[in-house]
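Me: I would like to learn how to read a structure like this one, feature by feature. Where do we begin?

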Amino acid sequence: MIKIKRVAVIGAGTMGRQISLQIARNGISVVVFDIDDSVLADAKAAQERIVAEWIASGVEAENARSAILGNLRYEADLSLATRDADLAIEAVPEQLELKRRVFKQIDGLAREGAIIASNSSSIRISALEDATERPEQVANLHFYLTVWDSPMVEIGGGSSTRDDVLDALSAFARAIGVLPLRVRGESTGFIFNRVWRAIKKEVMKVADSGIAAVEDIDRAWMIKFGREQPPPFAQMDRIGLDVIYDIEMRYAEESGDRDDLPRPILTEKVARGDLGVKTGRGFYNYPNPAYAAEDFLEPDASE
Ligand SMILES: NC(=O)c1ccc[n+]([C@@H]2O[C@H](COP(=O)([O-])OP(=O)(O)OC[C@H]3O[C@@H](n4cnc5c(N)ncnc54)[C@H](O)[C@@H]3O)[C@@H](O)[C@H]2O)c1
């Protein structure tokens, strides 16, 4: 059985910092790398803030702080980040050529037995595997936002991924407190994202055609499914509208269907740089988005 004791996370943006924190929280050493030093510093500060929140709210004990943070190392040199890793998890932007380049780099630096996994939301591992010399040791390992509140990960192999590699990834997922979901056969969007894709495509279509306001679509959703999780447009703001755009483009390229192309309601916001929570504007304005207001679902709230 392959043992995963040391991990490298490549890319410290929205997902990389959460994945690495979840790993560290569960007692496994993890090195975080990003091409941008300021992102690395941001990631460290964000992780310290989250751990402080966990302690303040009682989900972690005070003495957990040093244990969790002690499992994290930040590295601005990719070779130092990857050389001892049993598993390298790539979490760079959703662009095929970039991911292929990063896979090739990791492959050249990581030790022979190491597994290389991609957190990609829509790129199948078979599109990345031949960028490496170890196609039998690569896999999709797809986490969800927020990693600790959506504790599941989809695991899928490519054309020649070995079973013991997939088994090791399942065991690793359990060890870090997330439920492994095995994707049998290749599937763009894996499991849940195929369902989510249908939802986001349809809500944007309804809003874009002028049938209903963004807020009213979200209101309908919240009344049916509850307020605990952000409704679809708010969820897209959290994910990042640039990330949503890239994913929609991948689906459209794959299907060749114009109906799958991102709608103007999305492309216009991305072109303006309104990318959701991370820029303070998206479908809602932050830090106090309308959907989170007490009276958002009151009978007199809609127009
Ligand atoms: N945002 C989500 O909700 C979400 C959920 C699941 C999966 N994903 C997937 O995770 C991946 C990352 O998404 P994200 O939202 O964290 O993106 P992000 O833009 O927040 O972070 C990406 C990071 O990668 C860094 N980077 C760029 N080029 C690099 C390189 N060559 N080497 C190392 N680092 C590099 C950037 O500086 C940035 O910090 C994507 O494949 C995305 O599809 C995203």
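Predicted model: local features only at pLDDT ≥ 70, side-chain atom pairs only at ≥ 80, totals over all residues.

Me: Let me try another helix. Which residues of α5 are buried?

Reply: K99, V102, F103 and I106 are the buried ones. They cover an arc of only 105° around the axis, so they sit on the same side of α5. The face turned away from that side carries the exposed residues E97 and G108.

Me: And how does the length of α5 compare with what it should span?

Reply: Count residues, then check the ends. Helix α5 covers residues 96–109, which is 14 residues. At 1.5 Å a residue they should span 20 Å, and the end C-alpha atoms are 20 Å apart, so the two agree.

Me: What does the buried side of α5 pack against?

Reply: Its buried residues pack against β1 (6–10), α4 (78–82), β4 (87–90) and β5 (115–118).

Me: How should I read a nonpolar core?

Reply: The general idea comes in one line. In soluble globular proteins, nonpolar side chains tend to be buried together. Here the largest nonpolar core has 54 residues. Within it, I10, A88, I89 and L169 touch the most other members.

Me: Which residues does A88 touch?

Reply: Leave out residues up to four places away in sequence. Then A88 touches A8, I10, T82, I106, A110, A114 and I116. One of these, I106, is among the buried residues of α5.

Me: How many residues are in the second core?

Reply: The second, separate core has 19 residues. Among them are A207, W221, A234 and I239.

Me: How is the chain divided into domains?

Reply: Domain 1 covers 6–182 and domain 2 covers 193–290. Their centres, taken over C-alpha atoms, are separated by 26 Å. Eight residues from domain 1 and nine residues from domain 2 make the contact. On the domain 1 side, the classes are three nonpolar, four polar and one charged.

Me: Now single residues. Is D34 buried or exposed?

Reply: Count the neighbours. D34 has 25 other C-beta atoms within 10 Å, and 20 or more is the cut-off, so D34 is buried. This residue is in the loop between β2 (29–33) and α2 (37–56). Beyond four places in sequence, D34 touches G11, A12, V39, L40 and A43.

Me: And R250, buried or exposed?

Reply: R250 counts as buried because it has 22 C-beta neighbours inside 10 Å. It is found in helix α10, residues 241–255. R250 and E94 are 156 residues apart in sequence, yet 8.9 Å apart in space, C-alpha to C-alpha. Apart from neighbours within four places in sequence, R250 is in contact with E94, S122 and I123.

Me: Which backbone details should I check?

Reply: Look at omega and phi. A cis peptide bond joins L145 and T146, with omega about -15°. T146 is in the loop between β6 and β7. The bond from Y286 to P287 is cis too, with omega near 20°. P287 is in the segment after α11 (264–272).

Me: What is the phi of F190?

Reply: F190 has a positive phi of about 55° although it is not a glycine. This residue lies in the loop between β8 and α7 (192–208). F190 counts as buried because 20 C-beta neighbours lie inside 10 Å.

How values were computed: Residues numbered from 1 in each chain as written. Core = buried A, V, L, I, M, F, W, Y, C linked by C-beta atoms within 7 Å. Buried ≥ 20, exposed ≤ 12 C-beta atoms within 10 Å, placed from the backbone. Contact = placed C-beta atoms within 7 Å. Domains from an automatic or database assignment. Nonpolar A, V, L, I, M, F, W, Y, C, P; charged D, E, K, R; others polar. Helix = DSSP H or I, 4+ residues; strand = E, 2+ residues; numbered from the N terminus. Expected span 1.5 Å × (residues − 1). Arc of directions from axis to C-beta.
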